[in-house]
Amino acid sequence: MLLIRCPYCEEERPELEFRNAGEAHIARPSNIAATSDEDFEKFFFIRSNPKGIIFERWRHMHGCARFFNAVRDTVSDKFVMTYKAGEPKPDLAAIAESGPAAWANRPPDQLNVKKPAAKRKTIKKGEA
Amino acid sequence: MAANYRISGHGRLAQAKTARFSFDGRSFAGVQGDTLASALLANGVHLVGRSFKYHRPRGILSAGAEEPNALVQIVRDAARKTPNVRATVQELYDGLTAHSQNRWPSLAFDIGAASDRAGGMFSAGFYYKTFMWPKAAWKAFYEPRIRAAAGLGVAPDQPDPDHYASRFAHCDVLVLGGGAAGIAAALAAAETGVRVILCDEQAEFGGALRFEAGASVDGANGWAWAQATVAKLAAMDNVRVLPRTTAFGYYAQNFVGLVERISDHLARPGDGLPRERLWQVRAKRVILATGSIERHMVFADNDRPGVMLASAARTYLNHYGVAVGRNVGVYTANDTAYAAAIDLKKAGVNIAAIVDLRDNPSSPAVDEARALGIEVNHGRAVIRAGGKLRVSSMTIQPKTGGGERTIPVDALLMSSGWTPSVHLFSQSRGKVAFDDATKRFLPGSYAQDCVSVGACNGTDDLTATVDEAYAAGEKAARDFGGKAVKSLRPKAVSTESFAGNMLGAGPGAGLDKPVKAFVDFQNDVTAKDIRLAVKEGMRSIEHVKRFTTTGMATDQGKTSNMHGLAIAAETLGKEIPEVGLTTFRAPYTPVTFGAIVNHGRGALFDPTRKTATHAWAEAHGAVVEDVGQWKRAWYFPKAGEDMHAAVNRECVTVRKSAGLFDASTLGKIEVVGPDAAKFMELLYTNPWEKLDSGRCRYGIMLREDGFIYDDGVVGRLAPDRFHVTTTTGGAARVMNHMEDYLQTEFPHLNVWLTSISEQWAVIAVQGPNSRKIIEPLAEGIDMSDEAMPHMSVREGKICGVPTRLFRMSFTGDRGFEVNVPADYGLAVWEALWAEGQKHGACAYGTETMHVLRAEKGYIIVGQDTDGTVTPNDTGLDWAVGKKKTDFVGIRGLTRPDLAAPGRKQLVGLKTKDPKIVLEEGAQIVADPKQPVSMKMIGHVTSSYWSENCGRSIAMALVADGRAMMGKTLYVPMPNSVIEVEVCSPVFFDEKGGRLNG
């Protein structure tokens with residue numbers, strides 16, 4: 001179960017409290033009645049389906065009930081960040097620098113564990 | 001009489017009490033602390049099962065969770081028959097009853113074993129090749145036979161009577177695996193006060209110390225140190241120690257699933273105890289101390305009962321005090337099997353010979369074996385095992401070829417090295433890396449906050465393992481605020497090394513030999529099968545796996561995957577990393593559905609919602625139906641009435657006098673604020689600004705695409721306050737839809753939305769006498785037609801409690817809906833019921849509600865609409881504000897296809913024979929004589945018998961239906977074609993006079 005950070009509650013909460021609400025940053029045209037068929041198609045029907053980073057809306061359904069936006073990687077299912085509705089689309093290059101701590105990659109050599117490879121003995125040919 | 005292979009003075013169960021058990025109807029004695037496997041071996045029983053495909057006799061390969069062969073059915077009672085239990089992990093209890101599987105009529109004589117001799121037919125991928133011809137035989141012959149023969153064990157045929165528990169837990173450090181590494185890591189972290197959970201799949205902690213006889217920690221025997229340290233940990237407030245607990249799944253953000261087996265090892269579990277408990281643990285750091293698993297050797301007939309892993313034989317001796325034979329052979333490519341031979345020899349078991357594939361091995365273990373007088377044959381291979389129901393000999397040969405020699409044995413131990421258990425690491429999405437020097441996959445790059453220590457990290461000796469694990473525990477403690485303590489790092493001493501690896505088929509399974517040298521025991525996959533798969537074009541190990549089924553089923557290839565991979569790589573002429581490794585998926589070992597479902601079954605499967613009058617309805621004989629999570633009164637049969645009679649009576653009574661109906665399940669939303677009307681204008685098609693306070697309007701809500709999303713009557717209580725009703729099923733999603741627009745598209749509007757569905761009980765009083773029933777109970781509300789016309793709402797009191805009284809009708813007759821605070825719902829219902837009795841009113845349920853609304857052609861969203869229906873399609877164009885410049889769906893409605901001719905429109909249908917009631921969902925055609933497949937022009941959406949009309953009535957969506965009034969259409973059914981006439985969907989009181997009747 002994922003932990004998702006609600007930008008309004010300012011804490012990570014279990015996935016069960018949230019509902020996905022589709023792609024983010026698709027604004028309803030203010031003059032919607034006058035939009036062309038092409039523009040309406042773009043607004044209502046066309047959605048990106050990226051392999052990788054997606055911007056999407058989530059609702060903290062069983063919490064504060066607010067809609068907010070999230071950046072998620074559809075390959076790893078990792079939430080890169082979340083932010084309040086109405087805030088601008090974040091800069092992807094900046095996101096890459098600051099992933100949430102819970103997913104941080106700590107390889108063994110940073111965990112004062114001796115690297116096992118250092119003392120692996122070689123095996124003679126013909127045995128393997 | 002069973003033979004006794006228990007060696008006095010060996011093992012740790014000497015003082016234990018006897019436990020009786022039966023296997024295939026034969027009674028045996030074991031001791032408390034045994035596994036079923038150790039108890040069988042103590043009685044000299046090696047033959048415990050038949051293999052899946054060839055029905056070959058099989059014995060016990062291992063002493064742990066990796067067991068592929070010794071799968072048995074454990075039977076406690078009629079409802080508790082657990083198949084595919086690994087005898088090597090089933091703890092013995094007094095009275096345990098086990099049966100072998102996959103054999104008929106008996107284990108020793110099995111008809112199905114004919115498939116072993118017909119082996120050519122059952123080569124790799126045989127399913128895809130063998131049953132191709134003749135085509136018709138698949139359905140009639142092959143499939144039923146295959147289904148009958150398939151599967152392992154017999155599924156229980158009664159509901160599971162046990163209950164299963166569930167816990168959530170959080171900790172700083174979760175240690176998976178309770179061998180020396182796990183214990184050391186947990187100890188280091190626990191001493192600093194951080195929260196630690198330590199779990200292990202076995203009943204006792206200690207891991208490989210169980211068999212590693214020479215190990216010591218801090219001067220004490222290794223096993224004793226493990227027990228003492230775990231006891232110390234268990235006594236600490238910040239530590240939770242979970243034995244018999246398997247970490248089966250490693251999910252995102254350090255979320256780990258554990259299953260704790262609580263009562264499967266008890267003779268009499270008792271009623272209160274759950275069978276298993278699911279733990280869902282969120283850890284700041286996970287320390288993986290999952291150890292490693294020994295692999296077998298691949299040679300001809302290496303599956304004969306009595307042929308087993310060297311470490312297993314050593315475990316049976318050193319822990320259980322059981323010798324696996326009296327004259328034991330050993331076949332190895334590393335040092336650890338020597339330790340097994342040495343321990344057995346010292347216990348008085350004859351070691352027939354050690355056969356070592358290596359040339360001139362030299363190590364203290366080899367020297368010790370020689371010093372004990374054990375014959376060591378190096379540079380040689382076991383090319384074949386003799387015997388059928390039990391191994392009787394091993395045939396050895398120099399690996400370069402040459403003279404064969406057959407040595408009699410009654411057990412054969414084998415070891416080709418140890419496979420680090422990277423299953424959970426891999427599940428965490430860490431990437432394994434192939435270490436070419438030691439020919440094994442080890443943790444490479446990490447994806448989550450976890451660290452691998454000990455054997456699963458490729459650390460081959462105990463001293464280094466404990467050092468590494470303790471350091472990882474200390475590091476975790478520092479990272480999560482553990483207090484500074486003097487380090488008490490344990491000092492472990494052992495002369496043994498788990499290094500040394502040999503992968504793939506040995507000389508006894510060579511290319512030119514048509515022998516059964518098993519790579520995967522559980523799926524009967526031989527070295528030849530894997531070579532064949534490559535020869536037939538499988539290039540990736542994922543393809544080889546699926547084609548041969550190697551690595552599948554309950555053991556998931558714990559012992560076989562690396563051999564399979566190596567043989568495939570060799571055949572392809574590629575390096576192992578190029579061929580790839582199959583994906584490790586949860587669960588690590590099989591998990592019961594019971595543990596996963598735990599409390600969520602029966603009444604707790606889904607929440608049940610009941611209205612305030614539910615108990616009253618049940619007491620008055622209501623038949624209840626499920627509407628989503630709601631329990632609703634369906635109809636109220638009187639004595640002797642069937643559903644048809646009850647509904648007919650209710651329908652007639654409502655129109656003649658009155659009826660009471662509980663409409664509390666309707667969704668209700670209060671829309672409040674200075675911009676409430678503006679918001680309503682945007683969310684509904686109707687105009688709202690000019691609706692007077694105290695009046696109601698039927699509203700239609702669209703999605704942006706122009707299709708009907710929901711409907712309901714909306715009352716304006718004040719200029720800034722609307723009481724909105726929604727369909728029962730739509731309550732939650734309409735609220736979500738409104739909130740979505742308010743928060744994200746129209747945040748400039750000053751509006752509050754509040755769900756009030758459960759705050760108000762709603763009692764519909766419908767029928768000509770409805771006003772007379774309510775009036776005596778209402779206070780402060782003038783209910784005359786002049787003061788309170790149809791579609792109006794008043795606030796006041798009824799029976800002394802606040803009410804929002806709506807005058808509205810879903811029957812077409814004069815009607816009211818009495819909203820009162822839910823806590824008063826039952827009291828007000830009973831008061832209204834008492835008044836109603838004076839006028840001959842009835843209580844009615846959802847069925848009558850449906851019939852009465854259909855008589856008037858009122859739609860139900862979701863029944864007469866399906867998400868592709870517009871207001872115009874249903875004849876509700878009048879509800880769309882023509883002067884409005886914006887509302888959700890306004891643009892969608894102008895899409896070309898929504899305005900084009902040929903759309904399905906809502907019409908009424910009258911069957912030519914008034915007695916025939918159409919089936920809802922039935923298709924409609926214009927010409928029943930056309931050839932199939934016919935052109936279908938519409939379908940029936942609602943259909944009932946109407947007692948008030950004296951005939952059947954139906955509503956339908958028919959292409960251009962409104963232009964077909966009076967025309968005859970046809971509804972083809974399996975045995976007949978029903979003639980229908982298209983008509984208006986209003987069947988009763990077309991002028992609507994009864995609304996004021």
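Start by selecting Leu572(B), which sits in helix 14 (residues 561-572) of chain B; helices here are DSSP runs of H or I with at least four residues, strands are E runs of at least two, and both are numbered from the N terminus. This is a predicted model, in which local features need pLDDT of at least 70 and side-chain atom pairs count only at pLDDT 80 or more, while totals for chains, interfaces and linings use all residues. Residues are numbered from 1 along each chain as its sequence is written, and chains are lettered from A and ligands numbered from 1 in the order in which they are written.

**Around Leu572(B)**

A contact here means C-beta atoms, placed from the backbone, within 7 Å. Next, draw a C-alpha to C-alpha distance from Leu572(B) to Lys535(B): the two are 37 residues apart in sequence and 8.5 Å apart in space.

**Helix 7 and its surroundings**

Move to helix 7 (residues 310-318) of chain B, where 9 of 9 residues are buried. Among them are Arg314(B), Tyr316(B) and Asn318(B). Show what these buried residues pack against: helix 1 (36-42), strand 16 (292-294), strand 17 (307-309), strand 18 (327-332), helix 8 (336-346) and strand 24 (411-415) of chain B.

Keep helix 8 of chain B on screen. Its axis and that of helix 7 of chain B are 9 Å apart, at an angle of about 30°; axes are lines fitted to C-alpha atoms, for helices over the stretch in contact, and angles run from 0 to 180 degrees between N-to-C directions. Helix 7 of chain B passes helix 8 of chain B in a left-handed crossing, meaning that the near helix is turned anticlockwise from the far one by less than a right angle (clockwise would be right-handed). On the helix 7 side, the contact residues include Ala310(B), Arg314(B) and Leu317(B), and on the helix 8 side they include Ala340(B), Asp343(B) and Leu344(B). The contact divides into 7 nonpolar, 3 polar and 2 charged residues; Ala, Val, Leu, Ile, Met, Phe, Trp, Tyr, Cys and Pro count as nonpolar, Asp, Glu, Lys and Arg as charged, and the others, Gly among them, as polar.

Select helix 5 (residues 180-190) and helix 6 (residues 222-234) of chain B, whose axes come within 10 Å and cross at roughly 35°. This crossing is left-handed.

**Zoom out**

Chain B as a whole has 24 helices and 52 strands, and 52% of its 997 residues are buried. Its C-alpha atoms fill a box of roughly 115 × 75 × 55 Å along the principal axes.

Finally, colour by pLDDT, the predictor's confidence in each residue from 0 to 100. Chain B has a mean of 94, while chain A averages 79. In chain A, select residues 97-128, where the pLDDT is below 50. Where pLDDT is low, the predicted coordinates should not be read in detail. For the complex, the predictor gives an ipTM of 0.85 and a pTM of 0.88.

Technical notes
Two residues are in contact if their C-beta atoms, placed from the backbone, lie within 7 Å. A residue is buried if 20 or more other C-beta atoms lie within 10 Å of its own, exposed if 12 or fewer, and partly exposed in between; C-beta atoms are placed from the backbone.
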